[in-house]
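Subject: Two-chain model, handover and notes

Hello,

Here is the model you asked to look at. My notes on it follow below the structure.

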Amino acid sequence: MSTVLSTRPPEDDRRPGELTFRELLRWIWRQVTSMRTALILLLLLALAAIPGSVIPQTGVDSLKTSNWQSDHPKLTPVYERLGLFSVYDSAWFSAIYILLMISLVGCIVPRTFHYWRGMRAKPPAAPSNLTRLPDHATYGTTEAPEAVLERATALLKRRRYRLSTPDGGDSVSAERGYLREVGNLVFHLSVLVVLVGFGLGSMFGYKGGVILLVGDDFGFSNNLTQYDEFKPGSLFRTDDMEPFSFKIDDFDVDWLTTGRRAGMARGFQSHLTYREGRDSPEKKYDLRVNHPLSIGNTDVFLIGHGYAPTITIKDAEGNVSGGPTPFLPTSQSFQSIGVVKAPDAEPTQIGLEGEFYPTVAFSDETGSYYSLLGKPYDPMISMLVYTGDLGMDDGSSQSVYALDKSKTTMLTKKDGTPYRLDLRPGETAKLPNGLGSVTFEKVPGVEGGVQRWNKIQISQTPGKWIALTGVVMALIGLLGSLFIRPRRVWVRARREGDGTLVEVAALDRSGGGDVSVVVDELVATLQGPPDKREDQS
Amino acid sequence: MTDAAWESFSNQAVAAAGLLYFLALLSHLVEWASLRKVPLASGPDASSSIDIPGGVAVATGPDSEQAEDRARRTALFGRLGYLISCLAVAVHAVALFARGMAADPNRVPWGNMYEFTLTGTFVVAFLYVVLYRKFRLAWMAPIVLAFVLTVLMVAVIWLYAPVAPLTEALSSYWLVIHVVSAIIATGAFTLGGITSALYLVKERSLAKKGPQQTGYVARLPQPEALDRVSYRLHAFGFPVWTFAVLITGPIWAHQAWSSYWNWDPKEVWAFITWVVYAAYLHARTTAGWKGRNAAILALVGVATLWFNFIGINYFSTTSQHSYAGGAPAPISAETMDR
């Protein structure tokens with residue numbers, strides 16, 4: 001690099017080896033775009049991706065991340081400063097791949113020019129001594145050198161070599177495999193295309209989820225307020241949301257009834273009715289896992305389901321609150337946990353916390369209920385009752401699956417054991433001390449009398465086709481750059497004594513290719529079949 | 001046959017395949033043990049001086065009849081080992097087929113770790129048997145067979161799971177495309193990794209002892225030849241891996257999980273593997289990285305590959321690749337938390 005300096009006499013009082021600003025820039029550019037740097041950056045990228053697979057990531061699983069953080073109070077601030085909870089958005093991860101991209105561009109641009117020149121250049125003339133090349137062969141013949149060269153030219157042309165015959169020369173130069181470099185360039189360019197597509201998706205797209213109850217009374221229309229969770233890209237605008245709406249008419253689960261996983265759901269599908277716009281006609285779609293519904297640029301996915309027991313609480317004054325409450329499944333057999341809150345109950349707020357069993361069974365071993373099957377043959381809820389301040393008045397958001405029990409008391413029986421509500425659909429239990437009553441409502445027309453919910457994921461990923469096109473192009477380019485073998489072949493024929501000495505040599509320019517086969521085959525064909533050779537001699 | 005009969009048939013076939021791999025390994029070990037007494041061939045034609053193409057270099061010098069006899073016996077055991085390997089691969093294939101027939105409904109046998117490992121080892125053994133002649137892989141025999149046998153035993157002892165229906169997210173035709181390409185690439189990379197390891201061994205021994213080598217290492221092909229075979233295996237595996245991890249994986253992820261790239265631990269490690277092999281391919285054309293460093297990169301690649309296949313399941317619990325866990329929770333529970 002410093003040889004740049006020596007071509008010019010020092011015009012100022014610089015110390016030897018000192019660089020001007022421009023030279024420094026050029027030096028940096030050369031370093032960044034060198035193959036060695038690219039290689040190190042690649043390895044760094046691989047290394048940098050590792051922490052994100054071991055440490056929970058906010059962007060991947062925020063609940064798990066916050067649990068981890070509360071378990072590790074000492075490490076959390078350190079990790080947070082290092083960006084280890086969102087590795088793939090962190091400055092250092094971005095720095096690596098941005099540097100890699102710069103290095104890539106720095107590689108591609110000069111190579112494209114270089115290739116463009118090479119593309120139109122003629123195959124280089126034969127080296128003066130062909131037998132010095134590692135793969136070569138010679139033979140003698142009585143044919144005239146011109147005849148041999150003519151035949152070699154025709155032969156190589158048929159094999160789609162590019163040819164050049166220097167005027168008055170005694171040799172033919174041939175080259176093929178120009179597309180290898182094209183493949184190489186296409187591959188590297190495609191990496192940039194993929195990155196653009198990926199970037200568009202994460203900047204302009206969004207991903208949201210909603211828990212929607214099954215039935216005509218419930219529905220979803222695509223605007224921000226209807227989502228339970230919403231993760232927009234940094235440049236996402238709500239104007240981009242498409243004005244569709246849907247409701248779940250019916251929901252089927254295909255339960256396994258035999259075999260080792262009996263009781264497990266094999267498949268499930270939601271029968272949707274949707275409108276693409278406010279005034280569009282209604283359409284139907286059966287939504288299943290692996291079969292999303294596409295509306296415009298938005299995709300709608302079914303990713304989960306569960307039960308939403310309809311539980312109502314009647315307080316001491318006769319005010320009724322409650323309704324279908326989604327419970328969170330915790331096992332294959334849909335044993336689910338959930339919470340019902342009645343913040344407006346008088347004289348005191350009431351909260352219920354407990355489990356739902358689609359088909360209840362009692363285990364003598366553990367002394368508790370469990371769910372035998374996911375199908376609701378004999379549904380039951382078992383809840384504990386809490387009274388007091390549920391902590392919902394201070395305005396902070398609360399999980400719908402958890403109860404803030406810090407300022408509440410649990411209802412107990414006279415002997416001090418917890419007061420437990422075990423209810424089947426249609427049953428009502430009176431709360432002690434005249435607090436009111438709790439009813440597990442039987443919903444008519446629904447399997448088991450228990451309402452269902454579906455977890456619907458909705459996402460818009462602009463640029464996904466760009467990214468896909470990019471990867472496919474990259475693969476095609478890769479195949480070209482790996483399997484097209486660029487090679488040069490030379491044939492020289494000159495008189496020697498009575499006959500003609502023919503020299504054939506080949507050079508593999510990709511490294512790793514075995515061209516001795518090419519030479520042997522070419523010589524055999526040039527010499528013609530053995531019997532013909534016999535005639536000539 | 002009933003499903004249960006298919007299942008026990010599959011288990012028996014796995015045991016039989018294991019036994020055959022073991023016999024093949026023994027046969028090759030006998031071959032290599034008796035090769036120690038056979039003088040080392042010299043000259044460039046040594047590699048083809050045996051009656052079966054791809055066989056081990058054996059001198060057929062004019063020494064004595066006894067030596068010639070020994071050489072013939074050695075060759076016999078080599079051939080026997082190869083034939084038993086072929087048989088083992090066939091039985092292995094039957095085991096896989098029976099495993100698929102045992103499920104209701106019938107399906108591709110890639111539902112859990114046991115089945116993946118069964119298929120992965122099959123592909124390694126299959127590629128070895130198929131490429132044996134083309135790449136003259138005789139020197140690889142004891143190592144490939146020991147590897148396949150060990151991994152197969154790990155699968156049977158620790159990973160075994162009874163046949164069960166696929167979870168909803170797995171029942172897609174993308175399972176066939178995605179997994180078949182991932183497993184083929186895994187097989188090619190594994191063979192490439194073995195070759196690269198042997199390249200390092202050979203190179204080191206050449207540097208230390210010069211051409212005066214003994215034993216197994218002496219009969220390995222020259223480093224250049226090993227490097228070329230290794231490169232070809234990797235050059236085959238890399239596009240297939242690209243297809244599996246960066247094309248079919250994202251497409252399927254988009255269909256099943258609603259976004260094509262989730263930074264799921266399996267995805268991250270598949271990406272890491274991809275980057276390491278990309279670095280390997282670059283290293284081969286970079287001055288100062290050729291040869292030794294490139295071979296080390298290939299070994300790093302194979303380590304990340306197998307770590308992703310088995311290891312990451314024990315380090316991370318957030319993976320959505322539902323076959324990885326013991327009993328997959330209903331997907332609703334997993335995704336609800338997010």
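Leaving aside residues up to four places away in sequence, A:Leu42 touches A:Leu100, B:Val275, B:Ala278, B:Ala279 and B:His282; a contact means that two C-beta atoms, placed from the backbone, lie within 7 Å. A:Leu42 also belongs to the largest nonpolar core, which has 176 residues, and A:Leu42, B:Tyr21, B:Val148 and B:Val275 are the members that touch the most others. H7(B) gives the largest share of this core, 17 residues. A nonpolar core here is a set of buried Ala, Val, Leu, Ile, Met, Phe, Trp, Tyr and Cys residues joined through C-beta atoms within 7 Å. Buried means 20 or more other C-beta atoms within 10 Å of the residue's own, exposed means 12 or fewer, and partly exposed is in between, with C-beta atoms placed from the backbone. A second, separate core has 17 residues, including A:Val148, A:Val489, A:Val502 and A:Val504.

Before going on, some bookkeeping. This is a predicted model, in which local features need pLDDT of at least 70 and side-chain atom pairs count only at pLDDT 80 or more, while totals for chains, interfaces and linings use all residues. Residues are numbered from 1 along each chain as its sequence is written, and chains are lettered from A and ligands numbered from 1 in the order in which they are written.

Contact between the chains

The contact takes 56 residues from chain A and 49 residues from chain B. On the chain B side, the elements giving two or more residues are helix H7 (223-257), helix H8 (265-283), helix H9 (292-315) and helix H10 (331-336). H8(B) gives the most, with 11 residues. Helices (H or I, at least four residues) and strands (E, at least two) are DSSP runs numbered from the N terminus. By class, this side of chain B has 31 nonpolar, 13 polar and 5 charged residues. For these classes, Ala, Val, Leu, Ile, Met, Phe, Trp, Tyr, Cys and Pro count as nonpolar, Asp, Glu, Lys and Arg as charged, and the others, Gly among them, as polar.

Chain B

The domain assignment of chain B gives domain 1 (1-166) and domain 2 (168-323); such bounds come from an automatic or database assignment. The contact between them takes 25 residues from domain 1 and 21 residues from domain 2. On the domain 1 side, helix H1 (3-35), helix H3 (113-135) and helix H4 (141-159) of chain B each supply at least two residues. The largest share of that side, 8 residues, is from H3(B). The residues of the domain 1 side divide into 19 nonpolar, 5 polar and 1 charged.

Two loop residues in chain B have a positive phi without being glycine. B:Arg136 has a phi of about 55 degrees and sits in the loop between H3 and H4 of chain B. With 19 other C-beta atoms within 10 Å, B:Arg136 is partly exposed. B:Trp263 has a phi near 55 degrees and lies in the loop between H7 and H8 of chain B. B:Trp263 counts as buried, with 20 C-beta neighbours inside 10 Å.

Chain A

Chain A has 12 helices and 26 strands. Its radius of gyration is 38 Å, whereas a compact globule of 537 residues would have one near 24 Å; the radius is taken over C-alpha atoms, and the globule rule is 2.2 Å times the number of residues to the power 0.38. Along the principal axes, the C-alpha atoms of chain A fill a box of roughly 125 × 75 × 55 Å. Buried residues make up 32% of the chain.

Strand S24 (residues 451-460) of chain A is largely enclosed by the rest of the structure, because 10 of its 10 residues are buried. Strand S4 (residues 206-213) of chain A runs antiparallel to S24(A), joined by 8 bridges, and A:Gly209 has A:Gln457 as its bridge partner. Strand S11 (residues 298-308) of chain A also pairs with S24(A) in the antiparallel sense, over 10 bridges; A:Tyr307 stands opposite A:Arg452. Pairing requires at least two DSSP bridges between the strands.

Finally, the peptide bond from A:Glu346 to A:Pro347 is cis, with omega near 0 degrees. A:Pro347 lies in the loop between strand S15 (336-342) and strand S16 (350-357) of chain A.

Regards
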